[in-house]
Amino acid sequence: MRIFHSAASLSIISYCAVSIPFVACLSYQDHVEDRKFNHKADQQLSPKMVSDINLHGVLLWASMGFLMPLGVIAVRMSHREEGGRRKALIYLHFVLQILSVLLATTGAILSIKSFENSFYNNHQRIGLGLYGAIWVQAVAGFLRPHR
């Protein structure tokens with residue numbers, strides 16, 4: 001079982017290392033497409049728009065990049081524990097995942113209210129897909145059978 005965990009960790013790290021250059025390429029492609037289809041791109045962003053973009057990024061990073069992985073680590077650690085400590089880690093997992101879904105929902109609402117969402121670029125499409133996956137995971141967690 002330890003070999004499987006090591007292989008899984010190595011494959012995840014390898015995937016992230018290989019996919020980082022492609023993420024940068026996608027971002028550049030979106031920027032080029034924005035220039036082609038949106039002639040307003042030459043204008044300066046207002047301070048409120050810059051603030052909204054930063055808040056959107058921080059909310060979604062805290063959700064997907066911080067709280068969700070901590071929740072996964074907590075539930076993985078709970079399998080090694082017994083009794084009250086196991087229960088505490090499972091509750092910690094539950095709380096972290098709920099906070100993560102709430103932050104992602106706040107970021108999505110901010111995006112819908114503040115930004116032009118025509119879903120013609122990859123960033124918006126990937127974000128919409130991830131948001132749907134977050135809610136599918138949350139609903140599946142609530143509906144799973146008890147052990």
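Which residues does M68 touch, not counting residues up to four places away in sequence? Keep that in mind while you get your bearings; M68 is a stop on this tour.

**Whole chain.** What you have open is a predicted model. Colour the protein chain by secondary structure and you will find four helices and zero strands. Followed along the sequence, the pattern reads α-α-α-α. Of the 147 residues in the chain, 20% are buried. Now look at the contacts with a separation of 6 or more: 73% of them join residues 24 or more positions apart.

**Select α3, residues 83-114.** This helix has 32 residues. From its first C-alpha to its last it reaches 47 Å, close to the 46 Å expected at 1.5 Å a residue. Next, show the side chains of its buried residues, which are L89, L96, Q97, S100, V101, A104, T105, G107, A108, L110 and S111. What lies over them? The cover includes α2 (47-78) and α4.

The crossing of α2 past α4 is left-handed. To see where they meet, pick H56, M64 and M68 in α2, then H123, L130, I134 and Q137 in α4.

**Zoom in on M68.** Here is the reply to the opening question: M68 touches S63, Q97, S100, I134 and Q137, leaving aside residues up to four places away in sequence. Among these, Q97 and S100 are buried residues of α3, while I134 and Q137 are on the α4 side of the meeting with α2.

**Select the core.** Highlight M68, V101, A104, I134 and A138, the five residues of the largest nonpolar core. At least two of its residues come from α3, and at least two from α4. In soluble globular proteins, nonpolar side chains tend to be buried together.

**Last stop, F119.** Move to the loop between α3 and α4 (122-143), where F119 sits.

How values were computed: Residues are numbered from 1 along each chain as its sequence is written. This is a predicted model: local features need pLDDT of at least 70, side-chain atom pairs count only at pLDDT 80 or more; totals for chains, interfaces and linings use all residues. Side-chain values use heavy atoms; hydrogens and water are left out. A nonpolar core is a set of buried Ala, Val, Leu, Ile, Met, Phe, Trp, Tyr and Cys residues joined through side-chain atoms within 4.5 Å. Buried means under 20% relative accessible area, exposed over 50%, partly exposed in between (1.4 Å probe, protein chains only). Contact means heavy atoms within 4.5 Å. The expected span of a helix is 1.5 Å times one less than its number of residues. A crossing is left-handed if the near helix is turned anticlockwise from the far one by less than a right angle, and right-handed if clockwise.
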